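Subject: Two-chain model, handover and notes

Hi,

Here is the structure I promised to pass on. Please open it alongside this message.

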Amino acid sequence: MGFRCLYCRFFPYVLLSALALLSIIALSGCFDSSQRPMRVAVHPWIGYQSLKLSHQGYALDPNLIDVVDSDSLSTSSRMLADGQVDAAALTLDEVLALRAKGIDLSVVLIFDASAGADLLLARPEIEALADLSGKVIGLEDSVLGRLVLSEALKRGGLEQDQVELRYGIVSEHSQLWQSGELDALITYLPITRSLQSQTHRLFDSHDIPNTILDVLAVRSEKMEAFEDSLTHLTQHHFRIATRLRRMSADIQHRLATLVDMPVIETAAVLRELSFPTLQANQNLLKPDSAQLHDTVVKLTRIMQSAGLLKGTPDLEGLTNSAYLPSPLED
Amino acid sequence: MQTITRISIALLFLCLGLAMPLWAQQTIRIGVLAFQPQSLTAQKWSVLGEYLDTTIPDSSIMVVPMSQDELEKAIHERQIDYVLTNPFQYILFQHLYGLSPPLATVVRGSNDKPLHAFGGSIFTLTHNSGIETLGDLQGHHVAIPFRTAFGAFQMQQYELLLHGLPVIKPDKLIVTGLPHDSMVRAVLDGRADVGFARAGTLERMTVHGEIELEQFKVINQQPFADFPVKVSTHLYPEWPIAALPHVDSRSRAQMISALLTFEISGQDVLPFNVLGFNPPADYQDVEEMLRSLRAPPFDYAAKVRFADIWEQYSRQIVASALALFTILLLSVYLFYSSRRIRKAEASFRSYFERDAMVKLVIDPVSGSLLDVNEQAVRYYGYTKEELLRSSIFDINTLSEPEWRQMMRRVVDGEVRFVRFQHRIASGEVRQVDVSTAPIWQQGKQVVISTINDVTDRIHAEQERDRMEEQLRQKHKMEALGVMAGGIAHNFNNTLAAILGGIELADLKRNNPDNVSTYLANAKKGVLRARDLVKQILAYSRSGASMTKEISLVQSVTEALELLKSTIPSTIRVIREIENENATILADPSRIQEVIFNLCNNAVQAMDEKGTLTITLDQVYLEENDIPAGYACAPGDYVRLGVKDSGCGMDEDQLGSIFDPFYTTKPVGKGTGMGLATVQGIVSQHKGLIKVQSTPGEGSLFELCFPLLKQAGEYNHAELLDKEILAGHESILLVDDEAMITQLCHQQLTELGYRICAFQDSKKALNAFASNPEGFDLVITDQTMPELTGKELITELKKIRPELPAIMITGYSSKIDEHQATAIGINAYCLKPMQIGELSQTIRAVLDKK
């Protein structure tokens, strides 16, 4: 029997086997990932809780996403740098800092933008930003603190050497204020009731929209492998984001439990955050996004002047909108 | 005229309508969903009514508690202006009657813990260990207050959906009716396993002392740190208040303003612990829930566009389509395969049934007949049913273990063709050649046997063999006839020498020295005559081949001796013997037949003049030396050459000389069997034959036989006088020839034996019978009247089985050495025997005893 005859005889079997195999591969691809779930570090900040809420709502597929609890931004950052997790919820400046250290990260989702949650409070008698000249301003020695300061001074037509700065961590801000040394304080929500009563809001992140961003950063080399996980994650974020924007009672109570805050305070913070829609995400994350570029340049400048960043960071591949869901899935 | 009148009346009503608010207070009716008796509820809501009365100018506010049905009827008939109800009813009425968006949302609880949302609880008795999670609810009876209860049914069902679990089926619901407490009691009483309640119901009943909270456990408790009661579901916004479509914007604004500024005073209590109102909450979650549950007003199948499905499930659709396509292809392929198989089966069945050969399908383990064809039915003489009920052991004469052993070899593929004996219905046993094929049939190994009856063929072959043997014998006898003259010439010469010797001995009887010489010559002549007779007998012997170690030289010498007289003296005979002592394994008579045939052919080819050369040497045959068609192995061979200088043969003749009945001789001169016989004999001896011939120059026949022993190993039978051994035993001597009897009697008496001689074998038997112990040995001839030697010994052995016996015969076709041994004859000898040889044989037999 020649090869040709053998070929003719077994061709139907080969064809059917190939088709059956393809079907199995295709069907299995619909339901299961070929590898372990993607590990995502999340720390208790309201903006990042869409993942935890999805998890509570039984929507996240544990075969695709493994939410790893972290206690702070720095812990999440370290876990991502060490490779303990594949992705992490971080601030954009933290992403730039890690990239400057040589860790190739990509931003695939913007969770939220501060829209009032980061603010500059001042004594009642200081009525305008220009009045801050010669005044003492307290702030956290962080990129965010410096960013708000920079933007506020710019709006007030002031230079940094026209103000005196006092640094302190956020948990000490109330105490710092009570010492009486400060004329103004750059802090973020929630703030204590006493601070609320003794100050007024002179400047906040409303004035610099889409600048203070909380993002999902992924190790670039893992993105392709975790394509399904990333798409699954972003898809569920937008579902929760819709309810976050509506501030549903259920969400408020769940958030309050997650971040260990009273419901009223949680609602107050929630009101000062904006959750960019899918369309907004696509606009911000597309490679030629002028808005995000400006923000990154600002952050870079501030970080460089603070000595947190050396040289000009390579922004190539910083953002990637490929893992956002299609509009129908939002 | 009529038209003017109508317009006038219309203007009057319009003026009256515009003037109404100026002189009458507007009555605003707020319908409130109530689960308790209306009088009681109305009293409780009066606080709100009074507040609104004073807050909204020129209005009289009535808060009217209503059941679900009453509320819907009132909305339908526009008997109320505002409605305060649960979120489900609100969404329903909004869709059905066009209620306004929510104006405000109720705030409940206490002043220090105001609540803007509520949830549902799922509970069971604490000791019910079978229900711990939502997944455990399936199959259990669930108590609910009514089927459209928002917080006590729909929330819980939706939670099950969110978990991917089936909702509670209607047949598992225990509907207890209002108040809600009766549902809790149903669980307590055991009428239901699980209760669905608005969250807080258990806590309220505990506060009122109606139950103890520890009696119940809440399933799927949500992790709300800042919520005062245990919740099993998501939270949903509290009750909204909305306006009916006919209420104008100004009224709505007044109502919103009044509601948002309402604060309950310390001592007042509103139903459901209502504290006041907040700006309206978002009710999309409620709508989403109702859509998912297909609850009214969404109790219809949603319209889905294919594009939506494709967008969401494109991969699954492609995979499923591929799978379906594969299944379709498989189905088509299976269809055609099965059709092909069915055709093949039908074809096989047709071949099987109509085959002219007998075919059986046998189970190789049990031996049962699984199938038989029509020919089998005809052959065995049984009906098909009888055959299928029987097993192979009813047919095959082999024993069961032997058959099973054979089947194992068949199944293992070691054996394909077997000869069996099959018994047919008539009882006749037939010889059958069976070709077997082990195959798999319906997952079981079976053996298909094709039966070929060879009984007739075997008989025909046996007959053919017999005829061939007869023909060969005739041929030999013819040859002997040709040689008879020469033999007679030899024999007469020998007899002349014997006679001369005896007569000379008689004349010189007084001179012992000369007498001894003459007698010795006579004896030589006798022995030579004996050998001549032996040779003739050996050649003429027919029957089965008897192979033994022989010297080819001796065979050639003996054959030439017999042929000598038939070869004309004008033909020169040359013997070129190289290896005197090489032996082969052969039947001597057949070898002589070969030599006679070849020599006779050679002599006839030379036409009384020429040279006959007989050569004998040893050769080593390589693989290449062995012509095709011979089953010979390379090795040492003894080569016999017969060469003549006769007419020779051409190529055509050479190609046919070994064919049976082919002859170049004139009719009557040859049978055409000579060379065919030669080739057959050579092949039987695993040898080969080659012929070279040139017309006009002569032919050379070379025969090679496998060498058995090298030179020097063969012991020639020596014709030496043997030592004469004496004895004293009693011998019964029987021979019908008086001369022989007398001679033998005298010889044995001379040796010391006691002889009782008989010429009549019957008398000898009688004599022995009268005194069986009186004889130590019987010596008898074979060919005798009445009782032959064989029969005599048989009879004697019946009397004394251990009696030693020697048979001495001149020649008998009735018995040979093998047969003699078989009937217990201790020695079988041919006449004439020398006295020494006879005495040694007697001693050997007697001493062995």
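My notes on the interface, the salt bridges, the backbone and one surface patch follow.

**Ground rules**

This is a predicted model, so local features need pLDDT of at least 70 and side-chain atom pairs count only at pLDDT 80 or more, while totals for chains, interfaces and linings use all residues. Residues are numbered from 1 along each chain as its sequence is written, chains are lettered from A and ligands numbered from 1 in the order in which they are written, and side-chain values use heavy atoms, with hydrogens and water left out.

**Interface of chains A and B**

Chain A and chain B bury about 2700 Å² between them. Of that area, 63% is on carbon and sulfur atoms. Buried area here is the accessible area (1.4 Å probe) that two parts lose on being put together, summed over both. Chain A gives 28 residues to the contact and chain B gives 31; contact means heavy atoms within 4.5 Å.

The rule finds 10 residue pairs in polar contact across this interface, both residues at pLDDT 80 or more. A polar contact is a pair of N or O atoms within 3.5 Å; within protein, one must be able to donate a hydrogen and the other to accept it, and residues adjacent in sequence count only if both atoms are side-chain atoms. On the side of chain A that touches chain B, the elements giving two or more residues are α1 (3-31), α9 (227-246) and α10 (249-259) of chain A. Helices (H or I, at least four residues) and strands (E, at least two) are DSSP runs, numbered from the N terminus. The largest share of that side, 12 residues, comes from α1(A).

**Salt bridges**

A salt bridge is a side-chain nitrogen of Lys or Arg within 4 Å of a carboxyl oxygen of Asp or Glu. Over all chains, the search finds 49. Across the interface of chain A and chain B there are 4. One pairs A:Arg246 with B:Asp282, with the closest N and O atoms 2.8 Å apart.

Within chain B, B:Asp181 and B:Arg204 form a salt bridge at 2.9 Å between the closest N and O atoms. B:Asp181 lies in helix α6 and B:Arg204 in helix α7 of chain B, so the pair ties together parts that are 23 residues apart in sequence. B:Asp181 counts as buried at 13% relative accessibility. B:Arg204 is partly exposed at 34%. Buried means under 20% relative accessible area, exposed over 50%, partly exposed in between (1.4 Å probe, protein chains only).

B:Glu238 and B:Arg198 also meet in a salt bridge (2.9 Å, N to O). B:Glu238 sits in the loop between β12 (236-237) and β13 (240-243) of chain B, and B:Arg198 in strand β10 of chain B, 40 residues apart. Both B:Glu238 and B:Arg198 are buried.

B:Glu802 pairs with B:Arg800, the closest N and O atoms being 3.0 Å apart. B:Glu802 is partly exposed at 46%, whereas B:Arg800 is buried at 5%. Elsewhere, salt bridges that share partners join A:Arg243, A:Arg246, A:Asp250, A:Arg254, B:Asp282 and B:Asp285 into one network.

**Helix α6 of chain B**

Helix α6(B) covers residues 181-189. Its buried residues are B:Asp181, B:Met183, B:Val184, B:Ala186 and B:Val187. Their cover includes β7 (120-125), β8 (142-144), β10 (194-198), α7 (201-207) and β11 (216-218) of chain B. Just after the helix, B:Gly190 takes a positive phi of about 85 degrees.

**Backbone points to check**

- The peptide bond from B:Pro296 to B:Pro297 is cis, with omega near 5 degrees. B:Pro297 is in the loop between α9 (284-293) and α10 of chain B.
- A:Asp260 is not a glycine, yet has a positive phi of about 60 degrees. A:Asp260 lies in the loop between α10 and α11 (263-271) of chain A and is exposed at 69%.
- B:Glu786, also not a glycine, has a positive phi of about 65 degrees. B:Glu786 is exposed at 59%.

**Surface patch**

B:Val304, B:Phe306, B:Ile309, B:Trp310, B:Tyr313 and B:Val318 form a nonpolar patch on the surface, with about 580 Å² of accessible area together. Patches are made of residues with over 30% relative accessible area and no salt bridge: like charges are joined within 9 Å, nonpolar side chains (Val, Leu, Ile, Met, Phe, Trp, Tyr) within 5 Å. Accessible areas come from the Shrake-Rupley method with a 1.4 Å probe; for residues, only the protein chains shown count as cover. B:Trp310 lies in helix α10 (residues 306-354) of chain B and is partly exposed at 38%.

Best wishes
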